[in-house]
Amino acid sequence: MRRLSLVVFAAVVAALVPSPPVRDLSPAGARRPAIVEDHIPYGAKRKRQMARYSGRHYGLPRWKLRNPTVIVLHFTATSTYPPVRNHFASNSPARGETPGVCTHYVVDKDGTIYELVPLGIRCRHTIGLNHRAIGIEMVQETGRGSHWADRQILKRRRQVRAALRLVRWLREREGIALRDVIGHAMANGHRQFEDLEGWRNDHTDWLWRDVKVFRKRLRRMS
């Protein structure tokens, strides 16, 4: 009987002690989606290049991405994932400057999420916001134009669900406002945009009308 009482006592104590936090949850509780780490080369040389780029365009030579405040949506203008990774890994100069362009995440058509660069590192994916923004590419060819391409992603169930889960998790993890989930086409008009060299984006992927649909679906998940 005494042994049984001890067992019951232990069970009661265990129920009262809070469980350890789940590591795949953001501070606000959104679950981290499945992410495949497929990191591109981003060593000391590329970090120095990013620091110099940031000094020219943002005034401070930094390669670290600290406290991001914006999430920028893109599409790849390709039909598959491998060419995207190869291009970002090549570190080829863009607009005559290094480092080459890259992004933090790529969402494939089947819903697979790839992390190409860790969140603590800056990527050149959006002029004027690279020092503040997380970049997310979605595999999609341009086809009949940007609006058409955006809509293909929005209709592709596995891909858009994965993208929504990723953005929800990142928003809650970093405390990013819904209005700061934007498309590449919207970047020049964003209130945090700055570029000391006078550069502007000329991309039209993820137009405002399509981002509105994406945001609406994000709200439903909250």
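Let me start with one residue. Arg95 is partly exposed, with a relative accessible area of 45%. Keep Arg95 in mind, please. A word of caution before we go on: this is a predicted model.

So what does Arg95 pair with? The side chain of Arg95 meets that of Asp202 in a salt bridge, 3.8 Å from N to O. Where do the two partners sit? Arg95 is in the loop between α3 and β3, and Asp202 is in the loop between β6 and α6, so this pair ties together parts 107 residues apart in sequence. Asp202 is exposed, at 57% relative accessible area.

Here is the general idea. Side chains of opposite charge can pair when their charged atoms come close.

How many salt bridges are there? The count comes to 9. Let me show you two others.

Take Arg85 and Asp38. They form a salt bridge, and their closest N and O atoms are 3.0 Å apart. Arg85 belongs to helix α3, residues 82-90, while Asp38 is in the loop between β1 (36-37) and α2 (44-58), so parts 47 residues apart in sequence are tied together. The cut-off for buried is under 20%.

Next, Glu141 and Lys109. Their side chains meet in a salt bridge, 3.0 Å from N to O. Glu141 lies in the loop between β5 and α4, and Lys109 lies in the loop between β3 and β4 (113-115), so the pair links parts 32 residues apart in sequence. Glu141 is partly exposed, with a relative accessible area of 28%. Lys109 is partly exposed too, at 23%.

Now to the inside. In soluble globular proteins, nonpolar side chains tend to be buried together. Here, the largest nonpolar core has 37 residues. Which residues have the most contacts inside this core? Tyr105 and Phe214. Several elements give two or more residues to the core, including β2 (70-75), β5 (133-138), α4 (146-155) and α6 (208-221). Which element gives the most? That is α5, with 8 residues.

Look at Tyr105 on the screen. Leave out residues up to four places away in sequence. Tyr105 still touches a list of others, among them Ile35, Tyr114, Ile134, Leu166 and Trp169. There is also a second, separate core of 19 residues. It includes Tyr53, Phe88, Phe193 and Trp199.

Last topic: pockets. Rolling a probe the size of a water molecule over the atoms shows where empty space is left.

The largest pocket has a volume of about 510 Å³. It is lined by 28 residues. Which of them lie nearest its centre? Val101, His125, Glu137, His184 and His203. α3 gives the most to this lining, with 4 residues. What is the lining made of? It divides into 10 nonpolar, 13 polar and 5 charged residues.

The second largest pocket has a volume of about 160 Å³. Its lining includes Lys155, Arg157, Arg161, Leu164 and Met221. Two elements give two or more residues here, α5 and α6. Again α5 gives the most, with 5 residues. This lining divides into 3 nonpolar, no polar and 6 charged residues.

To close, back to Arg95. Its salt bridge partner is Asp202. Find both on the model, then move on to Tyr105, which is in the largest nonpolar core. Thank you.

Methods:
Residues are numbered from 1 along each chain as its sequence is written. This is a predicted model: local features need pLDDT of at least 70, side-chain atom pairs count only at pLDDT 80 or more; totals for chains, interfaces and linings use all residues. Side-chain values use heavy atoms; hydrogens and water are left out. A nonpolar core is a set of buried Ala, Val, Leu, Ile, Met, Phe, Trp, Tyr and Cys residues joined through side-chain atoms within 4.5 Å. Buried means under 20% relative accessible area, exposed over 50%, partly exposed in between (1.4 Å probe, protein chains only). Contact means heavy atoms within 4.5 Å. A salt bridge is a side-chain nitrogen of Lys or Arg within 4 Å of a carboxyl oxygen of Asp or Glu. On a 1 Å grid over the protein atoms alone, a cavity is a set of points where a 1.4 Å probe fits but cannot get out, and a pocket is an open set with protein on both sides within 12 Å along at least five of seven lines; lining residues have an atom within 4 Å of a point. Grid points are joined across faces, edges and corners, and a volume is the space filled by probe spheres set on the points. Ala, Val, Leu, Ile, Met, Phe, Trp, Tyr, Cys and Pro count as nonpolar, Asp, Glu, Lys and Arg as charged, and the others, Gly among them, as polar.
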